[in-house]
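Please have the sequence and the 3D view at hand while reading.

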Amino acid sequence: IISALVGGIVWWIFTVFLIPVIGGWINKAPSISGNWNYSDIKDGDVVGTAKISQTGNRVKVSATRTKDRDGGACNREFIYRGAVKGRDVVLNYEQKNAGGFVGGAMVLRLNASLNCMDGITAYFSDSAGEVIKHDIYYQK
């Protein structure tokens, strides 16, 4: 039993920590950790905030949207997971506490100063019956 526990701990350390750190070092992943604001329009009003944590090239984001696309107030929380490769950030996401029914993907491009990311967020809309995409802009 003890050897199984030790093996499990070693495996966890290897997959959760060592592989991302080595991958980030090999790929020279830039650090995007920290607090970011995001908007639907370039240089537009802030519609939400995101806290990004990064281990090597793996990224986890906790975001809160406070203004919907029609301008009304809202409070929606999302969890994103993905990776940084060069200046590209690719993330899958789902809305917190939605049981996996509200989710999508986002692809962002980091600028050379490492303080802005522009990209596209996409999800399948049940009401529209198709994939919907929107521009999205992050700023530190």
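## Terms and basis

A polar contact is a pair of N or O atoms within 3.5 Å; within protein, one must be able to donate a hydrogen and the other to accept it, and residues adjacent in sequence count only if both atoms are side-chain atoms.

The model is predicted: local features need pLDDT of at least 70 and side-chain atom pairs count only at pLDDT 80 or more, while totals for chains, interfaces and linings use all residues. Residues are numbered from 1 along each chain as its sequence is written, and side-chain values use heavy atoms, with hydrogens and water left out.

## Thr121 and its surroundings

Thr121 is placed in strand S7 (residues 116-125); strands (E, at least two residues) are DSSP runs numbered from the N terminus. The side chain of Thr121 makes a polar contact of 3.1 Å with the side chain of Tyr93.

Thr121 counts as buried because its relative accessibility is 4%. Buried means under 20% relative accessible area, exposed over 50%, and partly exposed in between (1.4 Å probe, protein chains only). Beyond its neighbours within four places in sequence, Thr121 is in contact with residues including Arg69, Tyr93, Met106 and His134, where contact means heavy atoms within 4.5 Å.

In strand S2 (residues 48-55) the side chains alternate.

Two strands pair if DSSP finds at least two bridges between them. A hairpin is formed by S2 and S3, with two residues between them, and Gly56 in its turn has a positive phi of about 65°.

## Positive phi in two loops

Asp43 lies in the loop between S1 and S2. Although Asp43 is not a glycine, its phi is positive, about 60°. Asp43 counts as exposed because its relative accessible area is 69%.

Leu114 belongs to the loop between strand S6 (103-110) and S7. Leu114, a residue other than glycine, has a positive phi near 65°. With 32% relative accessibility, Leu114 counts as partly exposed.

Terms used
Helices (H or I, at least four residues) and strands (E, at least two) are DSSP runs, numbered from the N terminus.
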